[in-house]
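Please consult the sequence and the coordinates alongside the points below.

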Amino acid sequence: MLYLQAMDISSYKSKLQQEEAQLELELTDMGVLDFNNGVDWTAKGEEYVETADLNILADADEEQEVKKEIVNQLEVRLKNVKEALKRIEDGTYGICVSCNEAIEPARLEANPAAKECIRCS
Ligand SMILES: [Zn+2]
């Protein structure tokens, strides 16, 4: 089995930490963190639209749906990044969670939060 060098791991770690900070920034902008569990985010409510125009109301609904979708995607990504950072702490980073083989370096290069090798994903 091919193990990652400590040097490589620290470079993935800093990439992950950068991405974590970036995602938290974006989520804080668009969403509200659930302080009860500290991991779940919900999209911020739309600003109250005071109008009787149904088209404007429909547009606002649609915008809110799009925002929810983006917040969900950011939240999933943030969880993956945090899990990867935890695997670095645990010393299991770079090992496929499904087959226990080393994850291809090219795959980690493309996605440092990858938890499965190319074959298992
Ligand atoms: Zn695998």
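How many aromatic pairs does a search of the whole structure find? The search finds 1 aromatic pair, where rings of Phe, Tyr and Trp (its six-membered ring) pair if their centres lie within 6.5 Å. The model is predicted: local features need pLDDT of at least 70, side-chain atom pairs count only at pLDDT 80 or more, and totals for chains, interfaces and linings use all residues. Residues are numbered from 1 along each chain as its sequence is written, and side-chain values use heavy atoms, with hydrogens and water left out.

**Aromatic pair**

- The partners are tyrosine 12 and tyrosine 93, with 5.9 Å centre to centre and 50° between the planes.
- This geometry is classed as tilted; planes under 30 degrees apart count as stacked, over 60 as edge-to-face and the rest as tilted.
- Distant parts of the chain are linked by the pair, since tyrosine 12 belongs to helix α1 and tyrosine 93 to the loop between α2 and α3 (105–110), 81 residues apart.
- Helices here are DSSP runs (H or I, at least four residues), numbered from the N terminus.
- Tyrosine 12 counts as buried because its relative accessibility is 4%, and tyrosine 93 counts as buried at 5%; buried means under 20% relative accessible area, exposed over 50%, and partly exposed in between (1.4 Å probe, protein chains only).

**Packing of α1 and α2**

- Helix α1 (residues 6–30) and helix α2 (residues 54–90) have axes that come within 9 Å and cross at roughly 150°; axes are lines fitted to C-alpha atoms, for helices over the stretch in contact, and angles run from 0 to 180 degrees between N-to-C directions.
- The two helices are therefore roughly antiparallel to each other, a term for angles over 145 degrees.
- The residues of this contact comprise 13 nonpolar, 1 polar and 10 charged; Ala, Val, Leu, Ile, Met, Phe, Trp, Tyr, Cys and Pro count as nonpolar, Asp, Glu, Lys and Arg as charged, and the others, Gly among them, as polar.

**Cysteines**

- The whole structure holds 0 disulfides, a disulfide being a pair of cysteine sulfur atoms within 2.5 Å.
- Cysteine 99 is partly exposed at 26% relative accessibility, and cysteine 120 is partly exposed at 29%.

**Individual residues**

- Asparagine 100, in the loop between α2 and α3, has a positive phi near 65° and is exposed at 52% relative accessible area.
- Most residues other than glycine have a negative phi.
- Glutamine 22 lies in helix α1 and is partly exposed, with a relative accessible area of 42%.

Notes
Parallel < 35°, antiparallel > 145°, perpendicular 65-115°, else oblique.
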